[in-house]
Amino acid sequence: MESGRILIIEDDEPIRRLLRVHLKEVGWLCEETARGDAGLALAASLKPDVVLLDLGLPDADGTLLIPQFKAISSAPLIVISARDQETEKVRALEAGADDYVTKPLGLAELKARIKASLRRVTPSATEPQKTFADLVLDISARRVFLAQNEIHVTALEWKLLMVMARHPGKILTTAFLLKEVWGQESLDQRHYVKILMAGLQKKLERHPTHTQFIHTEVGVGYRFYE
């Protein structure tokens, strides 16, 4: 059984009920509300482990609420929305959302997203290595091993890989990766990420069409290892 407290902010009562029933079945405690202002109050008082946020709320646009949630809570925030346009996803993710799941909801997928958000651990500067399946990142030596074989990566590839390793399971937008690896002044150079990511995928992925470590979220960005 899982454990943890989940805050559901969704104005559609049947969807709230569906989420409540299925999430409680696996052990999560659920609190819920239909309004953004009440959601903010609950996030501050209950300190949930995960927040599920609909964007189409009766009192506010959920995208505009995301920075407010992130200011009062360190809990991962997963958007659940019928808005499936790439621009909406990018707006929510760049506002601070940790993940984005579109309706109609696939409950198995949503549970996997919640589990991924709960197991994320940010590596500290002194952590000797980070392991993902048979991929090992030797942080102190800046070396990469796949199935015990060393993989040569460039300085920029290493930097990009470390940014992704700090956020496993989270969708990282192209703009975020550009800013983290190349700096704020490079935000209009989206091809930098595409080129560097293609090189990393070629080195790390055994099956180009069934990636294990670097997943492309078309039109949005990338997700590293789940």
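## Salt bridges across the chain

The structure holds 20 salt bridges, a salt bridge being a side-chain nitrogen of Lys or Arg within 4 Å of a carboxyl oxygen of Asp or Glu. The model is a predicted one, in which local features need pLDDT of at least 70 and side-chain atom pairs count only at pLDDT 80 or more, while totals for chains, interfaces and linings use all residues. Residues are numbered from 1 along each chain as its sequence is written, and side-chain values use heavy atoms, with hydrogens and water left out.

One of the salt bridges joins D59 to R35, with the closest N and O atoms 3.8 Å apart. This pair links distant parts of the chain, 24 residues apart: D59 belongs to the loop between β3 and α3, and R35 to the loop between β2 (29-33) and α2 (36-46). Helices (H or I, at least four residues) and strands (E, at least two) are DSSP runs, numbered from the N terminus. D59 has a relative accessible area of 28% and is partly exposed; R35, at 37%, is also partly exposed. In these terms, buried means under 20% relative accessible area, exposed over 50%, and partly exposed in between (1.4 Å probe, protein chains only).

## Buried and partly exposed pairs

R223 and D99 meet through their side chains in a salt bridge of 2.9 Å, N to O. Because R223 lies in strand β12 (residues 221-224) and D99 in strand β5 (residues 99-102), the pair ties together parts that are 124 residues apart in sequence. Both R223 and D99 are buried.

A further salt bridge connects K203 with E157, whose closest N and O atoms are 2.7 Å apart. Here K203 lies in helix α8 (residues 190-204) and E157 in helix α6 (residues 155-165), so that distant parts of the chain, 46 residues apart, are linked. K203 counts as partly exposed at 29% relative accessibility, whereas E157 counts as buried at 6%. Salt bridges that share partners also join D99, E109, R113, E217 and R223 into one network.

Strand β1 (residues 5-9) pairs with β3 in the parallel sense over four bridges, pairing being assigned if DSSP finds at least two bridges between two strands. Within this pair, I8 stands opposite L52 in β3. β3 also pairs with strand β4 (residues 77-81) in the parallel sense, over three bridges, and L53 stands opposite V79 in β4. From β3 the chain crosses through helix α3 (residues 62-72) to β4 in a right-handed β-α-β crossover. Right-handed means that, with the strands pointing away from the viewer, the path from the first strand over the helix to the second runs clockwise.

## Helix α7

T174, L177, L178 and V181 are buried in helix α7 (residues 174-181). They cover an arc of only 100 degrees around the axis, which puts them on the same side of α7; the arc is that of the directions from the helix axis to the C-beta atoms. The buried residues of α7 pack against α6, β10 (171-173), α8 and β12, with contact meaning heavy atoms within 4.5 Å. G183, whose phi is positive, near 105 degrees, follows α7.

## Confidence of the model

The mean pLDDT of the protein is 89, and 96% of its residues reach 70 or more; pLDDT is the predictor's confidence in each residue, from 0 to 100. Over residues 121-125 the pLDDT is below 50, and this stretch has seven contacts in the model beyond near neighbours in sequence. Where pLDDT is low, the predicted coordinates should not be read in detail.
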